[in-house]
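Welcome, and thanks for taking a look at this model with us. Please have the sequence and the structure open as you read.

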Amino acid sequence: MTAFHAADRPAPEQAEQARAALTALRHEVAKAVVGQDETVTGMVVALLCRGHVLMEGVPGVAKTLLVRAVSTALSLDHKRIQFTPDLMPGDVTGSLVYDSRTARFEFHEGPVFTNLFLADEINRTPPKTQAALLEAMEERQVTVAGEPAALPDPFVVAATQNPVEYEGTYPLPEAQLDRFLLKLVVALPERGHEVDMLGRHARGFDPGDLDAAGLRPVAGAEDLR
C-alpha cells in the first residue's frame with residue numbers, strides 16, 4: 001500500500017480550479033447533449049481514472065454525440081470507427097505499407113492513435129478485430145513487426161453497443177469486457193428532455209456542427225493530469 005502524505009494533497013486553489021473546470025465541462029457538454037448526467041459523469045470518471053467505457057443504449061440516445069462533445073470541451077483529439085463484419089485489425093491499429101521510393105515498409109498509424117477513440121457498435125465486428133484493441137486498451141501501445149508504438153496520453157476507448165438487436169453480432173468475451181472500467185447504460189431521455197431536444201432542433205441545432213452550438217474547449221489534458 002502506498003502511503004499518502006499531507007504534502008501530496010493539492011493546494012486549495014488547485015482543487016478549486018479542478019472543481020471549476022469540471023463544472024465548466026458539464027455546462028459545455030449540456031449545450032449539445034440534453035440530460036444524460038450520469039453518462040457524462042461516468043465518462044469524466046473514466047478519463048480521470050484512465051479507464052475505458054462501454055456504453056450500451058438503443059440508437060438515438062446521443063452516445064456518439066456525447067463523446068464528440070466531451071472531446072471538444074476538453075480539447076482532446078478523437079476518432080470514430082463504425083465496427084462492421086468486414087473490418088480488419090489493421091483498419092483499427094494501422095498497418096505496414098511498402099514505400100517504393102525508399103524500398104522499405106513504413107507503419108501508417110490507424111485511427112486508434114488518438115485521445116478518445118469511439119468504437120461504434122463494437123460487437124458487430126468479428127473477435128479477431130475486437131482483439132486488436134486488447135493491447136491498446138491494456139498497454140496503451142500497438143506492436144507492429146515486434147516494435148511497440150506508444151499511443152497518445154490520455155488514451156480512452158469509448159465503445160458502444162445496441163442492447164436490443166443481436167442478429168449478426170459477436171458478443172464481447174470476458175477478456176475484452178475486463179478491459180473496460182465502466183459499463184454505462186444510456187437510457188431513453190425523459191419527456192421533458194425530449195421536448196427540450198425538439199425545441200433545440202426547431203431553433204436550428206445541428207448535432208453535426210458543435211461549433212455552431214457554441215461548444216468551446218474549457219479544459220485540457222493537463223487539467224485531467
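## A hairpin, a helix pair and a buried glutamine

Strand β3 (residues 94–99) pairs with strand β4 (residues 104–109) in the antiparallel sense, and 6 bridges join the two. Within this pairing, Val97 has Glu106 of β4 standing opposite. The hairpin of β3 and β4 leaves 4 residues between the strands, and Ala103 takes a positive phi near 60 degrees there.

Keep in mind that this is a predicted model. Across the protein chain the mean pLDDT is 85, with 96% of residues at 70 or more. The two ends of the range among its elements are these:

| Element | Residues | Mean pLDDT |
|---|---|---|
| Helix α9, lowest | 221–224 | 81 |
| Strand β5, highest | 116–120 | 93 |

Now to the helices. The axes of α2 and helix α3 (residues 63–73) lie 11 Å apart, and the two pack at an angle of about 50 degrees. α2 is therefore oblique to α3. Their crossing is right-handed. On the α2 side, the contact is made by Thr39, Val40, Met43 and Leu47, while α3 contributes Leu66, Val67 and Val70.

Is Gln36 buried or exposed? Its relative accessible area is 14%, under the 20% cut-off, so Gln36 counts as buried. Leaving aside residues up to four places away in sequence, Gln36 touches Val61, Leu66, Val186 and Ala187. Leu66 is also one of the α3 residues in the contact with α2.

Key: Residues are numbered from 1 along each chain as its sequence is written. This is a predicted model: local features need pLDDT of at least 70, side-chain atom pairs count only at pLDDT 80 or more; totals for chains, interfaces and linings use all residues. Side-chain values use heavy atoms; hydrogens and water are left out. Two strands pair if DSSP finds at least two bridges between them. pLDDT is the predictor's confidence in each residue, from 0 to 100. Buried means under 20% relative accessible area, exposed over 50%, partly exposed in between (1.4 Å probe, protein chains only). Contact means heavy atoms within 4.5 Å. Axes are lines fitted to C-alpha atoms, for helices over the stretch in contact, and angles run from 0 to 180 degrees between N-to-C directions. Angles under 35 degrees count as roughly parallel, over 145 as roughly antiparallel, 65 to 115 as roughly perpendicular and the rest as oblique. A crossing is left-handed if the near helix is turned anticlockwise from the far one by less than a right angle, and right-handed if clockwise.
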